[in-house]
Amino acid sequence: MKGTLAQVRTYERSVRLLMVNQFTINLGFYMLMPYLATHLAGPLGLAGWLVGLILGVRNFSQQGMFLIGGTLADRLGYKPMIIAGLVLRTAGFAVLGLVESVPALLAASAATGLAGALFNPASRAYLAADAGERRVEAFALFNVFYQAGILLGPLVGMVLTGVDFSVTCLVASGIFAVLSLVQIRALPARRAADRRTAEGVLTQWRGIFSNRPFLLFSMAMTGSYVMSFQVYLALPLEVRRLGGEGRFGTAAVAVLFAVSGLSTILFQTKVTAWCKARTEPGRALVWGLLTMGVAFVPLLLASAVPVPGGGPGLWLLASVPPALSALLLALGTMIAYPFEMDTIVRLADDRLVATHYGLYNTICGVGITLGNLLTGVALDAARDAGMSALPWLALCALGLVCGGALYALHRTGRLAPPAPQSRSAPATV
């Protein structure tokens, strides 16, 4: 960990601040969101469909507005969008903790989603711009801070929610408020290197939608997000199916999250350095997705084992294969993520980078929604038909198909950087 922090210090202030920002954003977000559904259904007594609607509005407003957020960042500058997103989430989280009416809850949920659509593309484009030739390593470090926030947030939220959920909301809101002030004072203003302000937004979008390698890459990488999301969906469901809903099931699910987060914090920079020294970015992406597909083999093999009636045998079957899968999913993400973020910049030809990140997030968000729906269908079908291997076979196949698609893109040169062109220097204001 000391080596990671020492590496962070080698970057300029803006890059270091963006990494700390991401840790703090995830800390505040994951303090609150894992407990929101319980608050809505419990103390507020809302019907299940209303709980789903409120949560769905947040996801829809974020995924649906990523392209807008990225476009605004490229046209108006990265810093204003980062600050606007943080301020909006400050207000949204405060309202979630103070109101009980459904319209106000829907508005607050939409605001928190829109906030993410504003600051996510801007912060990634800013990081890519200021990290320069070292952006692969910068995104590796960025992922360390990202996972650290995810790991710590629910623990802090659990303590605060034990007092009252409104306390959790107000503390999370306060974190975003402080973070907003820090950005206003400390984050240098940065605009895209090539704003092309003479072009209209629709003209810019048509140019991006005609970037066939970028669109193919986005669709292929969607599978990685579907697979990695199973740490929150299929793996916990499998643990609870075998281990039950009691203390053991809860502890085993917590282990999944700990394995995923801690392994990334400890090994991300080492994995990235090893991959960069030994392989091309395209091949690293392929190996990352194949590793994610292989991550479901332990569960596939475990499905052939008779389920013990209880005791240590049942505990091992319910905990070890999912934990191995979580570890392999984390490893696949560690391999792919820094090169994935770098590839988006290269396919964008360093132009309208935030807009490309925005569209990429939207495409992957739609893919995650469809993928999780199909995974849920496969889990139900497997349970009804007594074919517990079905979802794991499907997820293994997804890894092979997406890895094969990336390999084809790499072999045909579609992931290679474009021919060098003259560039104007980034404008700092």
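Predicted model: local features only at pLDDT ≥ 70, side-chain atom pairs only at ≥ 80, totals over all residues.
Let's start inside. The largest nonpolar core takes in 106 residues, and those with the most contacts within it are Met19, Leu32, Phe217, Tyr357 and Leu406. Helix α2 (residues 13-41) supplies the largest share of this core, with 13 residues.

Now for the charges. The structure holds 7 salt bridges. In one of them, the side chains of Asp342 and Arg135 meet at 2.4 Å, N to O. Asp342 sits in helix α14 (residues 311-347) and Arg135 in helix α6 (residues 135-163), so this pair ties together parts that lie 207 residues apart in sequence. Both Asp342 and Arg135 are buried.

Arg135 has another partner too: its side chain meets that of Asp350 in a salt bridge at 4.0 Å, N to O. Here helix α6 is linked to the loop between α14 and α15 (353-385), where Asp350 lies, and the two residues are 215 apart. Asp350 has 36% relative accessibility, so it counts as partly exposed, whereas Arg135, at 13%, counts as buried.

Elsewhere, Glu280 pairs with Arg283, their closest N and O atoms being 3.5 Å apart. Glu280 is partly exposed at 42% relative accessible area, and Arg283 is partly exposed at 35%. Back at Arg135, salt bridges with shared partners join Arg135, Asp342, Arg346 and Asp350 into one network.

Definitions and conventions: Residues numbered from 1 in each chain as written. Heavy atoms only, no water. Core = buried A, V, L, I, M, F, W, Y, C linked by side-chain atoms within 4.5 Å. Buried < 20%, exposed > 50% of the residue type's maximum accessible area, 1.4 Å probe, protein only. Helix = DSSP H or I, 4+ residues; strand = E, 2+ residues; numbered from the N terminus.
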